[in-house]
Amino acid sequence: MIPEIGHLALILALLLFGLLHWLLGTAYRARQALLRRRLGRQLRRREQSEADLAAGVLALLEGRYPHAQKLLQRSRRAAAAPVLPALALAHLAKLRADPAAREREFAAARAAAPHARLAIAQLQAQAQLEAGDAAAAAATLTAMTEHDSPRLLELEARLARARRDWQTLHDLLPRLRRAGIIDSAQAAAEEVD
């Protein structure tokens with residue numbers, strides 16, 4: 001009778017192990033299915049965001065501003081690169097002559113892509129200059145000290161000319177020459193002017 005109890009205990013232990021193995025396998029498969037479903041939803045949202053961004057930019061280029069704004073704002077929700085919808089919305093705000101929205105979108109772009117601060121500052125300063133806001137453009141450009149961006153240097157020179165700030169323009173000439181924006185003859189002509 002004792003050997004039968006041992007066999008029965010062994011059979012029960014094997015059954016318990018089999019049940020435990022089955023339960024753990026089922027839980028693992030259920031977890032994997034949930035993860036796949038979540039990743040699939042994220043992928044579909046990201047694909048929809050990219051489609052909305054592309055359609056929004058096209059609508060912006062076509063001049064359909066309300067539709068462009070709707071698509072660009074929707075694309076921002078799941079965008080892989082939220083800086084792109086923000087920059088497109090900043091451009092839209094510039095076209096609509098809405099400086100508050102323009103500055104808000106540039107701030108969103110800087111928050112989304114701090115590594116792109118020079119490119120964002122260049123676009124922002126250019127938009128501010130085109131809107132006739134020289135003071136805001138000067139503040140944007142002043143915040144970008146110690147850069148070697150040729151485009152920012154061009155904007156700084158343009159702003160200095162517009163403000164008739166000849167000393168700043170004179171100070172920029174060596175940097176403009178090093179960046180290859182102007183040659184020695186142009187620098188000399190600028191100094192004479």
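**Exercise 1. Work out how helix 5 and helix 7 are oriented to each other.**

Heads-up before we start: this is a predicted model, where local features need pLDDT of at least 70 and side-chain atom pairs count only at pLDDT 80 or more, while totals for chains, interfaces and linings use all residues. Residues are numbered from 1 along each chain as its sequence is written, and side-chain values use heavy atoms, with hydrogens and water left out.

Step 1: grab the angle. The axes of helix 5 and helix 7 come within 10 Å and cross at roughly 25°. Axes here are lines fitted to C-alpha atoms, for helices over the stretch in contact, with angles from 0 to 180 degrees between N-to-C directions. Helices are DSSP runs (H or I, at least four residues), numbered from the N terminus.

Step 2: classify. Helix 5 and helix 7 are therefore roughly parallel (angles under 35 degrees count as roughly parallel, over 145 as roughly antiparallel, 65 to 115 as roughly perpendicular, the rest as oblique).

Step 3: list who touches whom. Helix 5 brings Leu118, Ala121, Gln122, Ala125, Gln126, Leu129 and Glu130, and helix 7 answers with Arg151, Leu152, Leu155, Arg158 and Leu159 (contact means heavy atoms within 4.5 Å).

Step 4: sort that contact by class. You get seven nonpolar, two polar and three charged residues (Ala, Val, Leu, Ile, Met, Phe, Trp, Tyr, Cys and Pro are nonpolar, Asp, Glu, Lys and Arg charged, the others, Gly among them, polar).

**Exercise 2. Describe the largest pocket.**

Step 1: size it up. The largest pocket holds about 210 Å³ of space. On a 1 Å grid over the protein atoms alone, a pocket is an open set of points where a 1.4 Å probe fits, with protein on both sides within 12 Å along at least five of seven lines; lining residues have an atom within 4 Å of a point. Volume is the space filled by probe spheres set on the points, which are joined across faces, edges and corners.

Step 2: find the lining. It has 14 residues, with Ala138, Leu141, Thr142, Glu156 and Thr168 nearest the centre of the pocket. Helix 7 gives the largest share, four residues.

Definitions and conventions
Helices (H or I, at least four residues) and strands (E, at least two) are DSSP runs, numbered from the N terminus.
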